[in-house]
Amino acid sequence: MNEEQSEATFQTLDPEAWVDQYGDYLYRYAIARIHEPAVAEDLVQETLLAALQGKEGFKGRSSEKTWLTGILKYKIVDYIRKKSREQPTDNIELAADAMHEHFDEKGGWKVGPAKWTVNPKELLEQKEFWRVFYSCLSKLSERLAKAFALRELDGLSSQEIREILNISATNSYVMLYRARMRMRDCLEVNWLGQRKVRKQNAVL
Amino acid sequence: MLSCEEVTQLVSESLDRELSLRQRVSTKMHLMMCRLCSRYNKQLAGLREAFRLHAMREEDIDIYPASLSSEARQRIKQALHHTSREPH
């Protein structure tokens, strides 16, 4: 498709059709990062309204979906930033949330990581893995989930995350450490666990 | 000598900032000798790459088990309808 064509398609598109075409996608994108359905719905609405008002800005260089995702990304970060200004980080929450389930008093492993190899390209094609991944992400506390998603999914720098979440450098490292620890654990138990059961069933 | 807990922290931090030379060396030494921390280190690196690759594929988010409620769908359509009729 050349640029003229895509622009023409876009101009004649019924904005309400966006809701049917991209509504679920945008909603999933938002809810994966912000675990409140009402907020995610509002962000989808704001995104589509902003898109409608700024549709002249769409040049057809990227797909419509990518363009809408870009607007939504901005809205999500903006929402998190505002919310973090209203409710600054609670250090007590972090302190109470230590890693005693993993390490003994001397800092040795209580139960170490199980033996499994992470092959990123292979995992990418395993739909079940990502279902488990999103379920694990939804089990993280709201604050850890936000830090984790901004860093590991959206690839923002830790500097940007500090600014958005209104936290110190140390806090950002601690939060990301805990989030990664929990995600690794959860994936190991639920993904590796499931796979073992499937293998056993296959043998039977 | 660093403990396993400290090493796992440093391994995670190395994904977010550049460690000091001293930290890099002592982490590396620990990883060479410790099977469990070495596993943790490799798994964390692999998972990071998998997460990034996944996030770059737009269609993959459709795995997320949620969808826009029909009420929200209706509400958003109405809002769009109102705005598109207003003269700019």
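**Entry 1: chain B against chain A**

I looked up the buried area between chain B and chain A in this predicted model: the two bury about 5,400 Å² between them, 63% of it on carbon and sulfur atoms. Buried area here is the accessible area (1.4 Å probe) that two parts lose on being put together, summed over both. I noted that Phe51(B), Tyr64(B) and Leu80(B) supply 13% of the area that chain B buries against chain A, more than any other three residues.

For contacts (heavy atoms within 4.5 Å), I found 49 residues of chain B against 61 residues of chain A.

Notes on conventions: residues are numbered from 1 along each chain as its sequence is written, and chains are lettered from A in the order in which they are written. Local features need pLDDT of at least 70 and side-chain atom pairs count only at pLDDT 80 or more, while totals for chains, interfaces and linings use all residues; side-chain values use heavy atoms, with hydrogens and water left out.

**Entry 2: polar terms and elements of the chain interface**

I listed salt bridges (a side-chain nitrogen of Lys or Arg within 4 Å of a carboxyl oxygen of Asp or Glu) and got ten between chain B and chain A. One of the salt bridges joins the side chains of Asp62(B) and Arg28(A), at 2.9 Å, N to O.

I then took polar contacts: a pair of N or O atoms within 3.5 Å, where within protein one must be able to donate a hydrogen and the other to accept it, and residues adjacent in sequence count only if both atoms are side-chain atoms. The interface of chain B and chain A has 26 residue pairs of this kind, both at pLDDT 80 or more.

On the side of chain B that touches chain A, α1 (4–13), α3 (35–56) and α4 (70–85) of chain B give two or more residues each. Helices are DSSP runs (H or I, at least four residues), numbered from the N terminus. I saw the largest share, 16 residues, come from α3(B).

**Entry 3: the two domains of chain A**

I looked up the division of chain A: domain 1 is 3–86 and domain 2 is 95–203, with bounds from an automatic or database domain assignment. Eleven residues of domain 1 and 15 residues of domain 2 take part in the contact. The two domains bury about 1,200 Å² between them, 56% of it on carbon and sulfur atoms. Arg33(A), His35(A) and Ile80(A) supply 43% of the area that domain 1 buries against domain 2, more than any other three residues.

I counted four salt bridges across this interface. Lys83(A) and Glu142(A) meet in a salt bridge through their side chains, at 3.0 Å, N to O. α4(A) gives the largest share of the domain 1 side that touches domain 2, six residues.
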